[in-house]
Amino acid sequence: MLESSILLNAIQQQLDEFCATRRSDFGAISEDLYPLVDFAQDLLKGGKRFRAQFCYWAWAGNLAQNQNLTEEQRDNSLRAIVGICAALEMFHAAALVHDDLLDQSDTRRGKPAVHKNFESLHQAEGWAGSKERFGQAGSVLVGDLMLSWSSEIFGNALLHAPTPEIEKACREEFSRMRVEIMAGQYLDVLEENAAPSRDVSEAVARANRVMLYKTAKYSIEAPLLIGAAFAGANQVSRDALGAFAIPLGLAFQLRDDVLGVFGDPQVTGKPAGDDLREGKRTVLVGLTRETLDGPVGRVFDEMLSSRELSDDQIRFLQQTIIGCGALKKTENMLEDLGTESLELLEKIQIDHEAKDALRELARFVINRSH
């Protein structure tokens, strides 16, 4: 097994080498294409990489338990797992590019979002037309490019799969992940626009469905199942990991919701109350909205849908969320889900070192501040 620091360095090295090769390929066409790679590579240098780590430790823990693989097959699996983790990081970065564009977020990890980088390029060069439209077009293309790159890296890694059955199982999990994140993303966008005209009593249920598919299954379950599948884990082991993943993934999103409204910009890299400016219809917002009657509820909806909130309006919405008890309810849900996930982890039959690493990752996800 690799230490986490060695794993993360290996993933970064593979991503950098991949981008360097693609930059050279693009340069042979036109140097005008360099920003496509440069903006993508810059984004790939940040992040917590916990999806890659969940994948790796699910693989390592189940590989140690799998007595059916030969030593050569184990060696092939080790050479390939870093590539699989790198593919997950590339896919996640692609999702962030599109997510920031959909949410009209100006920053990512304390730096300009990719569409803002293209806007700055347009402005600096004094080009004709709208810098905003150029930014949108450039970020769509970068996101699409990174999606294709993630499939390329994943496919190359699977060339070293120990068996055809393992390769098939990994492809199925990867394909399911891609479909589910797109479904969750659309439901998220739909709710931001349709919520004011929908039944308030179902707001929390709709928000739960969004975070299940946009976050829980994509961010935690899919990496775990891909890693376990690549180790040749049986269905019982994969089901146990999935059971552990879902409450943890929900807790992760609830923490993200709280940080999106109350997080410190110096820590999160996002403006204070950013989720409110983006009109996010989270569980936190759903719990708030179901407590507000007629006129007050309509005012809340109108402010949340405006996308141009002042600092005073942000503070008003924050105080409303606290005052109605929604923040406390969300924190209680988060704590209960986190406890449930850790209890389920203890029941999983997996290598002890891997279980320790997964426990540490889970606690980070539950208690993170950014």
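I began with E167, which is partly exposed at a relative accessible area of 26%. The model I am reading is a predicted one.

Next I looked up the partner of E167: R171 forms a salt bridge with E167, and their closest N and O atoms are 3.1 Å apart. Both residues belong to helix α7 (residues 164-194), where they sit 4 residues apart, about one turn of the helix. R171 counts as partly exposed, with 36% relative accessibility.

I then followed a second salt bridge, between E180 and K217, with 3.8 Å separating the closest N and O atoms. This pair links distant parts of the chain, since E180 is in helix α7 and K217 in helix α8 (residues 203-230), 37 residues apart. I noted that E180 and K217 are both buried. I also recorded one network, in which salt bridges that share partners join D99, D100, D103, R108, D188, E192, K214 and K280.

For the whole structure I noted 30 salt bridges. One further entry concerns R23 and D38, whose side chains meet at 2.7 Å, N to O. R23 lies in helix α1 (residues 4-29) and D38 in helix α2 (residues 34-44), 15 residues apart. R23 is partly exposed at 29% relative accessibility, and D38 is partly exposed at 28%.

I turned to S77 in helix α4 (residues 71-103). S77 counts as buried because its relative accessibility is 0%. Leaving aside residues up to four places away in sequence, S77 touches W59, L63, H160, P162 and F230.

Last, I located a negative surface patch formed by E335, D336, E340 and E343. E340 lies in helix α15 (residues 326-346) and is partly exposed, with a relative accessible area of 38%.

Key: Residues are numbered from 1 along each chain as its sequence is written. This is a predicted model: local features need pLDDT of at least 70, side-chain atom pairs count only at pLDDT 80 or more; totals for chains, interfaces and linings use all residues. Side-chain values use heavy atoms; hydrogens and water are left out. Patches are made of residues with over 30% relative accessible area and no salt bridge: like charges are joined within 9 Å, nonpolar side chains (Val, Leu, Ile, Met, Phe, Trp, Tyr) within 5 Å. Accessible areas come from the Shrake-Rupley method with a 1.4 Å probe; for residues, only the protein chains shown count as cover. A salt bridge is a side-chain nitrogen of Lys or Arg within 4 Å of a carboxyl oxygen of Asp or Glu. Lys and Arg count as positive and Asp and Glu as negative; His and the chain ends are not counted. The place of a charge is taken as NZ of Lys, CZ of Arg, CG of Asp or CD of Glu. Helices (H or I, at least four residues) and strands (E, at least two) are DSSP runs, numbered from the N terminus. Buried means under 20% relative accessible area, exposed over 50%, partly exposed in between (1.4 Å probe, protein chains only). Contact means heavy atoms within 4.5 Å.
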